[in-house]
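Biologist: Here are the sequence and the model, and I would like to go through the side-chain contacts, the surface and the pockets in turn. Could you keep each answer to what can be checked in the coordinates?

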Amino acid sequence: MEPDDSVNVLGTALEVCGMDPVTGFFRDGHCNTCAADQGSHTVCAVMTSEFLAYSKYVGNDLSTPRPEYRFKGLKPGDSWCLCASRFLQAHDEGCAPKVSLSATHLRALDIVPLEILKQHAA
């Protein structure tokens, strides 16, 4: 599995999203993606309590630790590579988290318009 080119939505080199906990489809701290990444884990989001509650409500509990997956659970302030469609859904529902544009992969634009990402820029 080779990742796509590491370019962000601003057209520059993709920056690190999060190393504690380590995020990304490839668990390399970056929101890199490839054809196998069905969810397009490309939006580098800064977690808020509102978004974490929303994500749990819609069936993706990101806050509960899952030791069997070496996942300690996310808390407000943590950065995480979100599925682009989940980010857009949260935007539509009025509870999207902040976004690190420099760490959001260019492929996020296949799903989320740049204007929407910029509205939530950290």
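**Contacts, surface and pocket**

Biologist: Which residues are linked in a network of salt bridges?

Modeller: This is a predicted model, in which local features need pLDDT of at least 70 and side-chain atom pairs count only at pLDDT 80 or more, whereas totals for chains, interfaces and linings use all residues. Residues are numbered from 1 along each chain as its sequence is written, and side-chain values use heavy atoms, with hydrogens and water left out. With a salt bridge taken as a side-chain nitrogen of Lys or Arg within 4 Å of a carboxyl oxygen of Asp or Glu, the network links Asp4, Arg107 and Asp110.

Biologist: How many residues apart are aspartate 20 and lysine 72, the pair that links distant parts of the chain?

Modeller: The structure holds five salt bridges, and one of them joins aspartate 20 to lysine 72, with the closest N and O atoms 2.7 Å apart. Aspartate 20 sits in the segment before β1 and lysine 72 in the loop between α1 and β2, where helices (H or I, at least four residues) and strands (E, at least two) are DSSP runs numbered from the N terminus.

Biologist: Is aspartate 78 buried or exposed?

Modeller: Its side chain meets that of lysine 75 in a salt bridge, at 3.2 Å from N to O. Lysine 75 counts as partly exposed because its relative accessibility is 47%, given that buried means under 20% relative accessible area, exposed over 50% and partly exposed in between (1.4 Å probe, protein chains only). Aspartate 78, at 7%, therefore counts as buried.

Biologist: How far apart are the ring centres of phenylalanine 51 and tyrosine 54?

Modeller: There are three aromatic pairs in the structure, a pair being rings of Phe, Tyr and Trp (its six-membered ring) with centres within 6.5 Å, called stacked when the planes are under 30 degrees apart, edge-to-face over 60 and tilted for the rest. In one of them, phenylalanine 25 and phenylalanine 26 have centres 5.3 Å apart and planes at 90 degrees, so this pair is edge-to-face. Phenylalanine 51 and tyrosine 54 are both buried and lie in helix α1 (residues 49-57), three residues apart, about one turn of the helix. Their planes meet at 45 degrees, so the pair is tilted, and the distance between the centres is 6.3 Å.

Biologist: How much accessible area do Val16, Met19 and Val22 have together?

Modeller: These residues form a nonpolar patch on the surface, and Met19 is found in the segment before β1 (41-46). Patches are made of residues with over 30% relative accessible area and no salt bridge, like charges being joined within 9 Å and nonpolar side chains (Val, Leu, Ile, Met, Phe, Trp, Tyr) within 5 Å. With areas from the Shrake-Rupley method and a 1.4 Å probe, only the protein chains shown counting as cover for residues, the patch has about 240 Å².

Biologist: Which residues are the closest to the centre of the largest pocket?

Modeller: A pocket is an open set of points on a 1 Å grid over the protein atoms alone, with protein on both sides within 12 Å along at least five of seven lines, and lining residues have an atom within 4 Å of a point. The largest pocket has a volume of about 390 Å³, and strand β2 (residues 79-83) gives the most to its lining, with four residues. Of the 16 lining residues, the closest to the centre are Arg27, Asn60, Leu62, Phe71 and Trp80.

Note on methods:
On a 1 Å grid over the protein atoms alone, a cavity is a set of points where a 1.4 Å probe fits but cannot get out, and a pocket is an open set with protein on both sides within 12 Å along at least five of seven lines; lining residues have an atom within 4 Å of a point. Grid points are joined across faces, edges and corners, and a volume is the space filled by probe spheres set on the points.
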